[in-house]
Each structure stands twice: as structure tokens, then as C-alpha cells.
Amino acid sequence: MIYKEKILSKNNLPVPVFYTGKPMHSKYNPSQEVPVIPQENGIPVTEGFFLVVGIGGGYHIKNLLQNLTSYRIVAVEADKESLCYCKTFPEVKELSSNKNIIFCSKENLAAVLLQNYIPSRYGNFNIFVQRAWQNENPTEYSKIDAITKETLKNISNDYSVQAHFGKIWMSNIMSNLMTFKGNPIIKVNSELTAAVIAAGPTLDDSIKKLKENRDSYCIIATDTTYGSLTKSDIQPDFIVSVDAQQVSTAHFLDCPDSLESQNKTTFIFDICTNPSVPAYIRSKGHPVFFIQSGHPLSRLAAEKAKFPYVETGAGTVTIACCDIARLLNFNCIELFGADFAYSKGKPYAKGTYLETLFMSSATRTEPQETKFSALMYRTALQKKDTIKSERVFTSEVLHRYEKTLIEWAEIHGYTKKEQLLKCSSNVQTHQITVAESFNFSTFVQEWTIGLKEKKYDETLLPYIAFLQSRKSKNTNISELYEQAYAKAIRYT
């Protein structure tokens, strides 16, 4: 707790006092304190997202509102006790009823920012620090500053992906929904071990165990490993793909025609997947099952289409495979090729489309190894601490994927020991539901009417992020929304 008491100002307004004995606000007329308004190119900012550091009596926050036209504010205090104390002040009580203002403590600041700061909706991130609070609490301010920077880094990574894929996602979702009639029924023996197959170099060796004990596993494989499995005469139960890019079609070029037996491979695609891929798989006679991984338009469609939500963590298909195993009620998951590292001088196992691509284009002056090296060293590498071999390296992205997998396991009750994930509970309550029918025309009609009424504006945010990355910084959110809306109604 950083406060100890209250005093009354000259006009009888309560003012919080720090433990150092100094008041946070003016003792004369705190309600008239002039806030230092953030500026952009010398022009005061009047709309956007604001982080206010230091709540106190709330007078500076109320005065800040007088200069804002459109906003979202997160106000943070040092700890929960200080936050509770601040909420006893009348100005803070009044501000608490404002749905555009969120009060929080340092402990949950990261979660609040992740949930509320959407760059494609609010634009730039503005910080407003109450100077007296900062001067009296330099340590707490440094901690809040560090949390904010780390959280913004995560938000920035996510926004960068949206800015790159926003247009592709919307186009893919709508194209896939046009042909979607309903998902097939999935039946599995969850008493088996779910083998999640990733494309790390160690799969070259561990695939032997998979082949020798095929009947003990239900194989849920990433799209990159499809070629590796088929070339080893292993028919997976499920292939999972969440990639929206056209290049993902390369994983499936050697897909054989469906066998007449009932033991077919089911291909599970994110509804954001490039539509040419599921269309090609259907033409080969294989069942196609759609999922969604959190795109707001996908979530809206899922209310009618009933395709399930699958977690992808930091955006990796390996975690998607694990989550599908969880939804199918597997209590034991064994990982194959989930290295999250580069070893043996290459990034992927044998048999992937990249190996075929690089080998076919190799020359005397630019062999396959040169292309693999270019792929691996496109970002900074570091030695992987958990592996003794000096030839095993990882990157920031791969490390984030591995960290997210461990977090996913902890959240859902799985204990990770080497390559095994075991669920502590044996209660099977998850279900993958299917839709009886889905009418694309009805969905689009309801969606566009809702957009006109600003009811489903969040479904356009990834596309707006794409537009933001290609428009002038002076283009406001309202104009971008209208452009995104014009794109959406074309599907009618």
C-alpha cells in the first residue's frame, strides 16, 4: 500500500497522501488540475487508447476526459490494496461507472492490456503518468513500465500477423464458408495414446517407434509432416493445418486418392485455411473437418456452423494438434519431432515439402544445405539450453512456441515429462460437435445487417489492421471501418 491517509483541499475535496507524507494532488483545487495531454506531431491526442499510471483521487483522469472524443482508458495502481483505497474517493467511484474506463492493479495489468488494447480499433497507445505518483513511487513505476513494454511487444507481434494476413483471412473464411455444409462425425478410441507429430529433425529417428507401435497410437499430425509419414508408409488418423497461405498446398500435392476402407485420414483445417487445400482434399475423397482458432469472424460463424474452437497458442500447429487431442478426450499425448529447435544442420525432418523443394532446385553453387542455412539463419539463433549437444540451436520464435506449449499443458492439467503429456484427471467431458446444416446466404445476410448497425464491428478488426498497415497514419478508424465494411458487403 502506497497511501496512508486523506486530507481535505481548500475547497473540501479529499486528497490522498503518500506514505512519504506528500499529497498526490493539489491541496488548493485538485479538480482543476490541468493534465499533460499526450501529443502526436505537436497536436494533442483526442482519441485512442490511454494507460494512466497512478489513480489516486481520480481528478487527473476526469480532467483528461474533457479533452477526449473517443477513447479507452486503463488506469493502474501499484497493488490491490492501493486500488481498493483509491476506489473510496468520490471521483473514482463516478469514473468506475464509465464502461470505457478500466481500473486495475499492477498484478493484472498485462491481462487487462491484452484483452482491451486492440491497435486496429484504437490506434496508437498513449501513456499518461501522474507525475507526483511517479516521483514518489519510482520502483513501482519501473515495474509497471516493464510490464507494459513486454505486453505491448506481445500485442505488436499479434498485430503484425493481423496486418499481414487480415485480408487473406477474411477472403479464406468466406470462401470456405461458401462450400461448408457441416462437419463429419469424428470417432476415436481415446484409451490409446495420442501421437502428436511435428516436423522437427528428431522425427527422422523417432518415426521408427511410431511405425513399430502403430496400433498403440491415434496419430494427429501437423500438415508439414504429411509427406514424412506417407513416405514411411504411415497413414495418420488426422492431419491438422492452420496456415492461410497458398504455400500450404505444397504439403498435400502427393495426397493419394482415398482408400475404400473406413480407416481414412481426416483432414482438420482452420476455417482461415486457403480454400484450394480443402477443395483438393475433398476431390481426393478424404473427409474434411473445419475448426476455428479465434478470428472474430470465425467465432461468429461458429455460432451457426458449430465448428469447435481450437487453441493454437502463439500460432503453432503443434499446439493445435495437442488441443485437438484434448478435445477428443486423450489423457496421454506423446510428442514426436516437437523439437522447437534446429539440429543435424537442418530445420525440418526428412520427407517434408521443403526438402523436396530445396533438393529439386539445388545447384552446384547453391546446394540444399545452403538453402536450409538461409532458412535457419534468417533470425538470430542461440544454443538450446535444455539439450547438451552443441549443434542444437533455437530462435526467439521457436522458444516462444515451446514456452506456450508448456503453458497450454499447465492450464489444461497435463504434466509434461520429456516427450509425454499426461492429464492428471481422467474425466472425459470434452466434445467436438457437428452442425446439422449451415446456410451461407443466411449467415452473410445477418452479418452484413449487423455490421451496418455496428453490431459485429470486431469481425472486421483483422482486416482493418491490414488496411492500417497500407494506409496513411492520418487515416482514422471510422474511415478504415467503412472501407472494411465495403469489402464485407461484396459477399452478398
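In strand β18, Leu-420 is the bridge partner of Glu-334. The strands here, like the helices, are DSSP runs numbered from the N terminus (E, at least two residues, for strands; H or I, at least four, for helices). β14 (residues 332-336) and β18 (residues 420-423) run antiparallel and are joined by 3 bridges; two strands count as paired if DSSP finds at least two bridges between them. The model is predicted, with local features needing pLDDT of at least 70 and side-chain atom pairs pLDDT 80 or more, while totals for chains, interfaces and linings use all residues. Residues are numbered from 1 along each chain as its sequence is written, and side-chain values use heavy atoms, leaving out hydrogens and water.

Zooming out, β14 and β18 belong to an open sheet of 8 strands with mixed pairing, ordered β13-β12-β11-β10-β9-β14-β18-β17. At the edges sit β13 (288-291) and β17 (414-417), each pairing on one side only.

Then there is helix α18 (residues 477-488), whose 12 residues reach 16 Å from first C-alpha to last, close to the 16 Å expected (1.5 Å times one less than the number of residues). Its buried residues (under 20% relative accessible area, 1.4 Å probe, protein chains only) are Leu-480, Tyr-481, Ala-484, Tyr-485, Lys-487 and Ala-488. They span an arc of only 155 degrees around the axis, so they lie on the same side of α18; the arc is taken from the directions from the helix axis to the C-beta atoms. Among the elements covering these residues are α7 (138-179), α16 (440-452) and α17 (461-468), contact meaning heavy atoms within 4.5 Å.

Technical notes: Buried < 20%, exposed > 50% of the residue type's maximum accessible area, 1.4 Å probe, protein only.
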